[in-house]
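Q: I would like to learn how to read a structure of this kind, one feature at a time. Please give the general idea, then the case.

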Amino acid sequence: MQTFHSLIPDNWPAEGRAFPVRTIDIRVEAGDPAGISRFDRQVQANWEREVSANPHLFNGRLITLNEVRLEDGRVTATGQIVPYAYHLWWRRQAPRPPTFHSFAMPVIISADGAIIAIRMSPTTANAGKVYCASGSLEPADIVDGCVDIDANMAREAAEETGLWLDELETQPGYYCAHFRQAVMFYRFFHAALDADALMANVREHMHHDDEQEIDAVLAITRENRDAFDYAYSMLPVLELFFDGGLRR
């Protein structure tokens, strides 16, 4: 059994490379077991700078991971609830504090074999980045002290695209990847509609969405896969789908 501390152990799969996992068990602890409050001054100072540059930011709450293990295809982790301001400060640090950002990404595949992705709007912290609709693990995802990964994926996909994952064919199993102390979980969903129809549905949702978090929906294919400004979370997906034999 291996544990993440300040660095990913060498015998974990390579950084940025997706690998299959059978189960994901993330338990959320009460209080501040990682002692994150010791960074409060730096976090607040950075938040003031972030909001000055982008007044649209909202300091909600998310789950950061304190410890992550991988054993026999099973990921187990503990985490705690932190303000979004902590994440924005954390991602600017080098080296990063010994906690781990984590999120789950549903990868929606059209009937004609394209990955349906979104581009984030200028009002967000990831302006201009392209990736599949997804978001941080949040307190709303906690059920009986554990994170419900599938519920997180379903909520984020519906909120950002208007697409409902329970109407798609769910591919069994999950994938995991890590990059600079971010731990990412993926699951693939296959639609009966082609890319044009799916994108039309997403555009209709965008037209009525008050949040306006995304400003474009995109169909990524083998031919155009190098044409976009991706978030780091997308690179393992592209390799896995287009080069790893997951295409149907």
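A: Take H190, which lies in strand β14. Strands (E, at least two residues) and helices (H or I, at least four) are DSSP runs, numbered from the N terminus. This is a predicted model, in which local features need pLDDT of at least 70 and side-chain atom pairs count only at pLDDT 80 or more, while totals for chains, interfaces and linings use all residues. Residues are numbered from 1 along each chain as its sequence is written, and side-chain values use heavy atoms, with hydrogens and water left out.

Q: Is H190 buried or exposed?

A: Buried means under 20% relative accessible area, exposed over 50%, and partly exposed in between (1.4 Å probe, protein chains only). The relative accessible area of H190 is 8%, so H190 is buried.

Q: With which side chain does the side chain of H190 make a polar contact?

A: A polar contact is a pair of N or O atoms within 3.5 Å; within protein, one must be able to donate a hydrogen and the other to accept it, and residues adjacent in sequence count only if both atoms are side-chain atoms. For H190 the partner is the side chain of Q171, at 2.8 Å.

Q: Which backbone oxygen lies 3.3 Å from a polar atom of the side chain of T64?

A: That of F100. T64 is found in strand β4, residues 61-71, and is buried, because its relative accessible area is 4%. Contact means heavy atoms within 4.5 Å. Not counting residues up to four places away in sequence, T64 touches several residues, among them I36, T78, Y86 and F100.

Q: How many aromatic pairs does the structure hold?

A: Eight. A pair of aromatic rings is described by the distance of the centres and the angle of the planes. Rings of Phe, Tyr and Trp (its six-membered ring) pair if their centres lie within 6.5 Å; planes under 30 degrees apart count as stacked, over 60 as edge-to-face and the rest as tilted. In the case of F188 and F241, the centres are 6.3 Å apart and the planes are at 20°, so this pair is stacked.

Q: Where in the chain are F188 and F241?

A: F188 is in strand β14 (residues 182-190) and F241 in helix α5 (residues 235-243); the pair links distant parts of the chain, 53 residues apart. F188 has a relative accessible area of 2% and is buried, and F241, at 1%, is buried too. Ring pairs join F188 and F241 with Y175 and F242 in a cluster.

Q: Which residue lies over the face of W90?

A: A charge sits over a ring if NZ of Lys or CZ of Arg is within 6 Å of the ring centre and within 35 degrees of the ring normal. Over the face of W90 lies R96, at 4.3 Å from the ring centre. R187 is placed over the face of Y174, at 4.4 Å from the ring centre.

Q: How many residues has helix α3, and what span does it reach?

A: The expected span of a helix is 1.5 Å times one less than its number of residues. Helix α3 (residues 149-161) has 13 residues and reaches 18 Å from first C-alpha to last, close to the 18 Å expected. At the start of α3, a side-chain oxygen of D148 comes to within 3.2 Å of the backbone nitrogen of D150. The buried residues of α3 include I149, M153, A157 and A158. After α3 comes G162, with a positive phi near 80°.

Q: With which residues is L163 in contact?

A: Leaving aside neighbours within four places in sequence, they are I108, A157, A158, L198, N201 and V202. L163 is in the loop between α3 and β12 (169-170). Its relative accessibility is 9%, so L163 counts as buried.

Q: What is phi of R180, and what is phi of Q181?

A: For R180, phi is near 45°, a positive value in a residue other than glycine. Q181 is another such residue, with phi near 65°. R180 is in the loop between β13 (174-179) and β14, and Q181 has its place in that loop as well. R180 counts as partly exposed, at 41% relative accessibility, whereas Q181 counts as buried, at 8%.

Q: Where is the pLDDT below 50?

A: pLDDT is the predictor's confidence in each residue, from 0 to 100. The protein chain averages 92, and 94% of the residues score at least 70. The pLDDT is below 50 over residues 1-6, a stretch with 22 contacts in the model beyond near neighbours in sequence. Where pLDDT is low, the predicted coordinates should not be read in detail.
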